[in-house]
Each structure stands twice: as C-alpha cells, then as structure tokens.
Amino acid sequence: MPQFFPEVKMVKFEGPKSRDPLAFKHYDAGEKVLGKTMADHLRFSVCYWHTFKGLGSDPFGPGTIIRKYNNSSDPMTVAEMTLWAAFEFFAKLGVDYWCFHDRDIAPEGGTLAESNKNLDRIVKLARKLQRDTGIKPLWGTANLFSNRRYMGGAATNPSPAVFAYAAAQVKKAMEVTQELGGAGYVFWGGREGYDTLLNTDMGRELDHLGAFLHMAVDYKKKIGFRGQFYIEPKPKEPTKHQYDSDAGACFAFLQKYDLVDHFKLNIEANHGTLAGHTFQHELEFCVANGILGSVDANRGDLLVGWDTDQFPTDLYDCTLGLYTLLQGGGFRTGGLNFDAKVRRQSIDPVDLFHAHIGGMDTFARALKIAARMIKDGKFARFVSQRYAAWDTAFGRKIAAGKATFAEMEKYTLTQGEPRIQSGRQEMLENMLNAYIS
Ligand code: XUL
Ligand code: CO
C-alpha cells in the first residue's frame, strides 16, 4: 500500500530537551503517573471528520487542502484510500483510538440500502486495518446533520419520516460501531434545536428526542452492544439554539425522560466555552452528578464567537480539566478525542502531525501537573477546610435534610453574626501558577 505520510516516521518520545518538532517532549505513553500509564489515563483518539475529511473550507470559500488520498473520481476508492491513510497516521502517532461518523468513512448512496452497502464494504477494510494495528474506535456516531433531509433536525424534525430515516441510520451506525469493537457511541444533536420559535413546537420536539433515545437504548439491549452511550452538549451552531445546550441542560433532559442510567456526557471544550462556561466547569458538573463520560479535546478562540475547533494548546485549561477529571476517577470507557482541525492555511500533511503532537504534549504536561497538585493535596485541603463546619454535628444535621427553619432561627438568635473567612482566590491562583511554571 502507498505511504501517505512518507515524510514522517513513528513519532517518538524524546523528552523536554528535544528540538525535533515531530517528537513528543512530554507524552511518554508508558510512563506511570498516579499508578497508571499516560496512555491509559489520556486514551487519545483521532477524529476522522476533521483530520481526514476536513479540507479547510469555511463560509467564505471552499477547501484549500489537497490530499493524495482524495485523488480519484470514484467515491469508494477515495473512501478506501482515506482509511489506509488514516491508519498509517494513527499508527505513526501512536494513538490507540479513533472516532468516526458513518458518512465520514463511507459515502452516502442514493438510497439507505446503498449507503449501508457502502458502509459494509469500508467496515470490512477497517476491521482488517484494526486487526493489523490494534487500534479501536473510542466511539462511533451517525451524521444526522449534513444531508438536506435533516435541515429541520433529525429526531426533532417536524416530519416522522425524517425521524424514521435518522433512526434507521443510527441503527446501522450502532451495528457498525459494535462490529468494530467501539468503546462507546455518541449522540451529538446535530440540528436538534431551532432557528425560530415561530415555526417550532419545542415541547413536542423534546418528547420526540426522548422517544428516539429510548429506541436507541432498546436496540442497544437487543443487539447486546456493550459500549457506553454519550450525549454531547453544544449550545448553538448550526441552530440558533441547540436543545442539548450544556451539561446542565442535558442532565435535566436525561432525568425528565428517564434516561440517566443509560447515558453519560461527552464534553467538548469549545462547546463549553460557547455556552459561556469553562471546560473545567462542564467537567466538574459531570463529576458532581456522576455523568462524566468522555471528552472532545479542542479549544475556541477568545475573539471568535463560533466553534473554531482548534487544537488544545492552553496548558491552564487542560491542567484544570484534568485536575477535575482525575479527581472524578478518570476515564473508564471515554478518552480524549481530538475534535479539532488544522487551520485553513495549514495545508501540508505534516501539519496534521504538528497539530496532534502539540495537543498530546499539552495534555501530557497537564497530566503531570494535575497529578502533582493531587499528590500534594494543597488545593483539596484548602477546600475541605473551607467546608469544615459542615462536618460538625450541626452541619451534618442540615446536610442530611433533618433540620428545620425554626432551628436555624434559634441558632442564629443565640449565635449572632456568623464568622466569615476569605476565599483566598489570589493566593490559590498564585499556587496554581507555581505548579504550572
Ligand atoms: C460538532 C461536533 C461533532 C460531534 C460528533 O460541533 O463536535 O463533530 O463531536 O458528531
Ligand atoms: Co465534538
């Protein structure tokens, strides 16, 4: 088979002093941190859609990137060559996982049956390449947002026929993910939302989305798929208002429709910031509510208000994210999937390597820093001291729901003005800086 990335050999760990831009300075897959290898903590995954199908198009112009594996007029030949290129890339980078949408890996045909046939052909090749390399899907998903039939949503479309098409597509995508040994399956609400309430029945659409996800849960049981289901929050784009807008909205939805036992969340950093939260906030909310599943690792741009999907290079954000994640017990089925794309001017294949190496090194550094923060326990001690009064008999009684307003009044009348304490934010931020430098 042709080599699609001949300019890059296997990417190796060379340590912080290395000057080779195509070597890891911090990510050493086998190095143990808090008793687990870096590879097991971080569970890196490459996403198929941006890395192999993204060619740099934006609303102002078509793609700028020309790839050798795209060089055929037959879509199935392109699909096969792209898959070969992808596995060469995964292996050279040294990741264990990949993520895909059904329509990323195989072209959509004229009918559902034809699309399924295309998918089956490509999945056969994917199985072979997975066997050769030992690389598996972190998760699979279905593209329910590109085709024009989904312009008004998939599960929340005003037409039940579109709902049915989407369900059929998810059925097949789940089967394929199972066949490839995927550790999970993601539901990102592509166009599940609205552009104007003048044409939208929100209550009905939410009920339909609930019904759709129950059908998926039933089918999962039926075929014995053991992967974890995830919902991926995003507040806007493509619609003005996406229903799964943030972790809080997803949790409320899952509770209302009695789906909490079947789903965890896939938190994407740039979606969190679009929702007006930090990456760490979204993760912390998930940890606090037992719904942390997986991460789409990327970042936005401070000055740009859309989903720029840039590679994660911000050491602060990644450190704080991993600090929360590690305290929440780390990944089980999930991992760090680079849902990120190179910029429009990064037109060379080698740019894909620079991008991923940078993201992996940033998270590896963040992992080591977060592990030191946890080992030292300074931040955790500060927090537990801040809440120490809740560990007295008085505090415990309130927290257990056994106290009354009348008792609170009596306590306050006898004790008088509460003693308050500094939050010490600046001191804590200085402490954090000392770890990061
Ligand atoms: C879109 C997005 C998706 C999901 C998978 O913003 O993040 O690529 O991750 O459908
Ligand atoms: Co994503």
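Is the crossing of H3 and H5 left-handed or right-handed? In this predicted model, the crossing of these two helices is right-handed. Helix H3 spans residues 75-93, and helix H5 spans residues 112-133. Their axes come within 10 Å and cross at roughly 20°. An angle under 35 degrees counts as roughly parallel, so H3 is roughly parallel to H5.

Now look at the side of H3 that faces this partner. Met76, Ala79, Glu80, Leu83, Trp84, Phe87 and Ala91 are the H3 residues that meet H5. On H5, the contact is made by Asn118, Arg121, Ile122, Leu125, Ala126, Lys128, Leu129, Gln130 and Thr133. By class, this contact holds ten nonpolar, three polar and three charged residues.

Helix H12 covers residues 349-376, and helix H16 covers residues 425-436. Their axes come within 9 Å and cross at roughly 125°. H12 and H16 are therefore oblique to each other. H12 passes H16 in a right-handed crossing. From H12, the contact takes in Ile369, Arg372, Met373 and Asp376. From H16, it takes in Leu432, Tyr435 and Ile436. Five of the contact residues are nonpolar, none is polar and two are charged.

Asp296 and Asp339 link distant parts of the chain, 43 residues apart. Asp296 belongs to strand E11 (residues 292-296). Asp339 sits in the loop between strand E12 (336-338) and H12.

That loop between E12 and H12 also holds Ser346. Leaving aside neighbours within four places in sequence, Ser346 is in contact with Ile65 and Asp351. Asn430 is 84 residues from Ser346 along the chain, and their C-alpha atoms are separated by 36 Å.

Two backbone details remain. Most residues other than glycine have a negative phi, and most peptide bonds are trans. Where is the cis peptide bond with omega of about 10°? This bond joins Glu237 and Pro238. Pro238 is in the loop between strand E8 (228-232) and strand E9 (241-242). The other detail is at Asp258, where phi is positive, near 55°, in a residue other than glycine. Asp258 is found in the loop between helix H8 (247-256) and strand E10 (263-268).

Key: Residues numbered from 1 in each chain as written. Chains lettered and ligands numbered in written order. Predicted model: local features only at pLDDT ≥ 70, side-chain atom pairs only at ≥ 80, totals over all residues. Heavy atoms only, no water. Axes fitted to C-alpha atoms, helices over the stretch in contact; angles between N-to-C directions. Helix = DSSP H or I, 4+ residues; strand = E, 2+ residues; numbered from the N terminus. Parallel < 35°, antiparallel > 145°, perpendicular 65-115°, else oblique. Left-handed = near helix turned anticlockwise from the far one by under 90°. Contact = heavy atoms within 4.5 Å. Nonpolar A, V, L, I, M, F, W, Y, C, P; charged D, E, K, R; others polar.
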